Amino acid sequence: MLTSQRKKHLLDLLNRDGRIVAKPVSEQLEVSEDTIRRDLRELAREGLLRRVHGGALPLLGTPALVMFANRQHIEPGAKADIGRAAAALVMPGQVVFIDGGTTCVQMARHLAPDLKATVVTHSPSIAVELSNHAHIDVIIIGGKLFKHSVVAMGSGTIDEIARVRADQYFMGVCSLHPRTGITSLDFDEAGIKRAFSRAAADTVVLASPDKLDTTSPFEIVPLAEVSRIVLNRDTAAELIAPYQAQGIEITLA
């Protein structure tokens, strides 16, 4: 199938179903997910759709939230690699925020067994992962459970975050774009992530391949407030270049 035919098929799917999910479409067309993502990026640049986590949506409309359990099956290998690289950035003695999300769970799993540090999190999943770590102190910030992401949220959560001064914040993201910055599908979750970022000396973004070059409705922080992005080493150079041009450190996992 020619590129033009593939793009027409994608637009037909979008008109019919109201969304595109990259993985099943790639299987249906017998091409790689990277090929579908490239097509979606080009269609987004042409103003024909809006790229989001895992696929695309029409330019107008409300994006669908994908539940935490289902997100664990999206890009599992890339998330493990990114988690391992992010874990290596934590230095002994540091106080760090670790966000919720499937890539951050992978980070928690890969923290060195002899690391002595303090992890502050609003994610029960992160706390459970670290419950058997011999040398890491875990501080859990509470609030109302946001079941989509399995994290605590609310005004009390933001108040507790503001009382901590962390060395680094490891942020899981819904969407990452050179122009629109870091964005989220949920208004309240964006506020929690913004509070974490403001309470940390450095913000490190963990971005699996499906999050790149996408935009969601609610801004978390502009790229000027991001110190580093951890990406999969297979990420295309042309996708990385706009972030490097803005002075952001890039770690390839």
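Author: Two strands are said to pair if DSSP finds at least two bridges between them, and the strands themselves are DSSP runs of E with at least two residues, just as helices are runs of H or I with at least four residues, both numbered from the N terminus. The model is predicted, so local features need pLDDT of at least 70 and side-chain atom pairs count only at pLDDT 80 or more, while totals for chains, interfaces and linings use all residues. Residues are numbered from 1 along each chain as its sequence is written, and side-chain values use heavy atoms, with hydrogens and water left out.

With those terms in place, the sheet is an open one of three strands, in the order 10-11-13, and its pairing is antiparallel. Strand 10 (175–177) and strand 13 (218–221) stand at the edges with a single partner strand each, so one side of each has no neighbour in the sheet. From one strand to the next, the twist averages 35 degrees, where angles run from 0 to 180 degrees between N-to-C directions and axes are lines fitted to C-alpha atoms, for helices over the stretch in contact.

Strand 11 (residues 181–184) runs antiparallel to strand 13 and is joined to that strand by three bridges; Thr183 stands opposite Glu219 in strand 13. Helix 9 (residues 187–198) packs on the sheet, where this helix touches strand 11 and strand 13, contact meaning heavy atoms within 4.5 Å. The direction of helix 9 makes about 10 degrees with that of strand 13, an angle that counts as roughly parallel because it falls under 35 degrees, whereas angles over 145 count as roughly antiparallel, 65 to 115 as roughly perpendicular and the rest as oblique.
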